[in-house]
Amino acid sequence: MLLVYPQSTLSRPNPFHPDDEDAYRYWRDRKLQDYPTDIGDLVVELNDPRRLKPQEFDALLARCRKTNMTLYASRTGTDPDPEIPLSLARHFGLTGLDRNWLADDTGLTSLTVRQNGVRRNYIPYTNRAIQWHTDGYYNPANRQIQALLLHVVQRAAQGGENALLDHEIAYILLREQNPDYIRALMAPDVLTIPARIEAGHVARPEETGPVFRITPEGNLHMRYTIRVNNVIWTDDPLARQALDALQAILQNDSPWIFRGLLELGMGLVSNNVLHDRAAFTDDAQHKRHYYRGRYTTRLAGTGLQETLAR
Ligand SMILES: [Fe+2]
C-alpha cells in the first residue's frame with residue numbers, strides 16, 4: 001500500500017528538522033516498526049555480486065531502505081577482483097567514488113596491514129581497533145561520504161569484528177532524550193578537524209561542520225568520530241551533553257547495535273552508518289584484506305521518499 005506522506009516533509013521542514021515534530025513522529029514510528037534486532041536479518045545470500053539476480057538486488061535494497069545497511073554473503077571466497085564491490089556499487093547507482101590519496105588505482109581502498117610506506121602511519125592500515133565513526137568526517141562539506149561499501153577478500157586469523165549502528169537510529173535515540181541535542185549537533189561549528197600538515201605544507205585544510213545535517217535531497221547525513229585526539233569539539237554545553245549521550249549509546253551495548261565478524265566473500269553496503277572495528281591478529285594464511293569504497297552519493301532508492309512510500 002502506498003502511504004500518503006505529508007507534502008511538507010518532502011522539502012524543508014522534514015522529519016529530521018528539529019522543529020518539525022509531526023513529520024518526525026510519522027517517520028519515526030514507521031522507521032521503528034519491525035526494525036530488525038538480529039544481525040542475521042541484515043544478511044542476504046548471493047551467488048556472485050558481479051552477476052546479481054533481480055531478486056537478490058531487491059532483498060539488498062529492502063534492507064538498506066529499512067536500516068541504511070545490508071550485509072551480503074557471497075561465494076566469491078578470496079577472489080580479489082575489485083569488480084565484486086564495484087559492480088554492487090553500480091547496481092545502487094553510486095557515482096562519485098571518493099579517491100582518497102591512499103586509494104588503489106580502481107578508486108577502492110585496500111585495507112590491509114602495511115609495514116612500510118606512508119600508510120603504516122594510519123590506523124586503518126594497522127591491526128589496531130578503530131573506534132566509532134562515520135567515514136570521511138575530515139572531508140570538505142561538498143565531498144562528504146554518503147555511502148560506504150566493504151568487501152572481505154581475506155579475514156584475520158583472529159578478531160577484526162565490526163559493530164554497526166544505523167545513524168538514523170542514533171538520531172532517534174538522541175532526539176527522544178532531548179530534541180535540543182539535535183539542534184546543538186546541527187550547529188555548523190560542532191566538529192573541527194585540524195589541517196593535516198606535511199613538510200610544512202597544508203596537505204588537507206581544516207574542516208569544520210555539523211554532526212547531523214539534512215542533505216539537499218532531504219536525507220540525514222552524519223559526520224562523527226568518537227576519537228579525542230586531533231579533533232576539536234565546540235564548547236557549547238548542550239552539544240557537549242549531546243555528545244556524552246551519544247557516547248553512552250555507543251559504548252553501553254545498545255540493543256540497536258549490530259555486531260559480527262564478516263567472513264570471506266561477505267560485505268557491507270550502507271549509507272555510511274556508524275561503525276567500529278575490533279583489533280585483530282593476522283597469520284601467514286589469514287592476512288586481513290577488506291576493500292573499501294566510499295561514495296559522495298547515497299544508495300539509490302533508499303532516500304526518505306522511497307522509504308516512506310512503502
Ligand atoms: Fe570506517
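Reader: Why is Asp81 called partly exposed?

Author: Asp81 has a relative accessible area of 25%. Partly exposed lies between buried (under 20% relative accessible area) and exposed (over 50%), with a 1.4 Å probe and protein chains only. So Asp81, at 25%, is partly exposed. The model is predicted: local features need pLDDT of at least 70, side-chain atom pairs count only at pLDDT 80 or more, and totals for chains, interfaces and linings use all residues. Residues are numbered from 1 along each chain as its sequence is written, and side-chain values use heavy atoms, without hydrogens and water.

Reader: What makes Asp81 and Arg50 a salt bridge?

Author: The definition asks for a side-chain nitrogen of Lys or Arg within 4 Å of a carboxyl oxygen of Asp or Glu. Asp81 and Arg50 meet at 2.8 Å, N to O, so the pair qualifies. The two lie 31 residues apart, Asp81 in the loop between strand 2 (69-73) and helix 3 (83-91), Arg50 in the loop between strand 1 (43-45) and helix 2 (54-67). Helices (H or I, at least four residues) and strands (E, at least two) are DSSP runs, numbered from the N terminus. Asp81 and Arg50 also belong to a salt-bridge network with Asp48, Arg51 and Asp79.

Reader: Why is Asp253 called exposed?

Author: Asp253 has a relative accessible area of 59%. That value is over 50%, so Asp253 is exposed. Its salt-bridge partner is Arg259, with the closest N and O atoms 3.3 Å apart. Arg259 is partly exposed, at 42%.

Reader: How many salt bridges does the rule give?

Author: The count is 21.
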